[in-house]
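This report describes one protein chain for a reader who has not seen it before. Please look over the sequence and the structure, then read on.

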Amino acid sequence: MMNLKPSAAEILLWLFVLNLGVAFGAGLYEHRISLPRWLDATGAHWSAEAARQDDVGRRFWGLVNTGPLTLLTLASLYFATQATGPLRAWWLGAALVALADRLLTFAYFIPTMIRLMQSADSPAAVETALRWARMNHLRHALAAGAWFAALQALSWLRVKGNA
């Protein structure tokens, strides 16, 4: 009879996969739905008021993603180094890509959005918002890459039967 009790590493990997999926999906949603409220389609105007009204950083990202994904990424770095074979490679790859995303988020995306939320509609604010939006594509790619690698790690966990 197989052991149905998951290990801490298995639970962590499942949580990592789930949180990465939420991060990727929510990032796409924010880019397609929220961002156009803040920055008009022509890139001519920035609405800090709309960004402050939405306040997605404190209402969503901070609670659901910023803290939890960062902790899950750091824990994954540890547990991935304890794994072996393809599971280790995929999980470590996912954790390293997620770490790059976390570093970009804390170093660029969060501080820039905080400044933008305090900025008046000006050519400088519009240029900063446009750069933020363009850089967001990189963040989407990192989130997707980490998520797909973590899903692959999860499949190896199931094949291997251990973590």
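Which residues of α3 are buried? In α3, these are V56, W61, N65, T66, L69, T70, L72, T73, S76, L77 and A80. Buried here means under 20% relative accessible area, exposed means over 50%, and partly exposed is in between (1.4 Å probe, protein chains only).

## Basis of the model

The model is predicted: local features need pLDDT of at least 70, side-chain atom pairs count only at pLDDT 80 or more, and totals for chains, interfaces and linings use all residues. Residues are numbered from 1 along each chain as its sequence is written, and side-chain values use heavy atoms, with hydrogens and water left out.

## Overall build

The chain has 5 helices and 0 strands, and its elements follow the order α-α-α-α-α from the N terminus. Helices (H or I, at least four residues) and strands (E, at least two) are DSSP runs, numbered from the N terminus. Along the principal axes, the C-alpha atoms fill a box of roughly 65 × 25 × 20 Å.

Of the 163 residues in the chain, 42% are buried. The accessible surface comes to about 8,800 Å², and carbon and sulfur atoms hold 69% of that surface; accessible areas come from the Shrake-Rupley method with a 1.4 Å probe, and for residues only the protein chains shown count as cover. Among contacts with a separation of 6 or more, 75% are between residues 24 or more positions apart. Contact means heavy atoms within 4.5 Å.

## Annotated spans

The unreviewed UniProt entry places the feature "transmembrane region" at residues 12-29, 60-79 and 91-110. UniProt positions are given in the numbering used here, feature names are shortened, and annotations may be inferred rather than shown by experiment.

In the model, residues 60-79 are 100% helix and 0% strand, with 27 Å between the end C-alpha atoms. Residues 91-110 are also 100% helix and 0% strand, and the end C-alpha atoms of residues 91-110 are 26 Å apart.

## Helix α3 and its cover

Helix α3 spans residues 56-82 and bends by about 65° at G62. The bend at a residue is the angle between axes fitted to the seven residues ending there and the seven starting there. The cover over the buried residues of α3 includes α1 (8-38), α2 (48-54) and α4 (85-117).

## Charged pairs

Side chains of opposite charge can pair when their charged atoms come close. How many salt bridges does a search of the whole structure find? The search finds 4 salt bridges, a salt bridge being a side-chain nitrogen of Lys or Arg within 4 Å of a carboxyl oxygen of Asp or Glu. One of them joins D54 and R37, with the closest N and O atoms 2.8 Å apart. This pair links distant parts of the chain, D54 being in helix α2 and R37 in helix α1, 17 residues apart. D54 counts as buried because its relative accessibility is 18%, whereas R37 is partly exposed, with a relative accessible area of 43%.

Another salt bridge is formed by E49 and R52, with 2.9 Å between the closest N and O atoms. Both residues lie in helix α2, 3 residues apart, which is about one turn of the helix. E49 is partly exposed at 43% relative accessibility, and R52 is partly exposed at 37%. D101 and R102 also form a salt bridge, the closest N and O atoms being 3.0 Å apart. D101 has a relative accessible area of 6%, so D101 is buried; R102 is buried at 5%.

## Two residues and their contacts

Q53 is found in helix α2 and is partly exposed at 45% relative accessibility. Leaving aside neighbours within four places in sequence, Q53 is in contact with R37 and R59. Q53 and A98 are 45 residues apart in sequence, and their C-alpha atoms are 28 Å apart in space.

D101 lies in helix α4. Not counting residues up to four places away in sequence, D101 touches L69, R139 and L142. D101 and V56 are 45 residues apart in sequence, with 18 Å from C-alpha to C-alpha.

## A nonpolar patch

I11, L15 and L18 make a nonpolar surface patch of about 280 Å². Patches are made of residues with over 30% relative accessible area and no salt bridge; like charges are joined within 9 Å, and nonpolar side chains (Val, Leu, Ile, Met, Phe, Trp, Tyr) within 5 Å. L18 is in helix α1 and counts as exposed because its relative accessibility is 53%.
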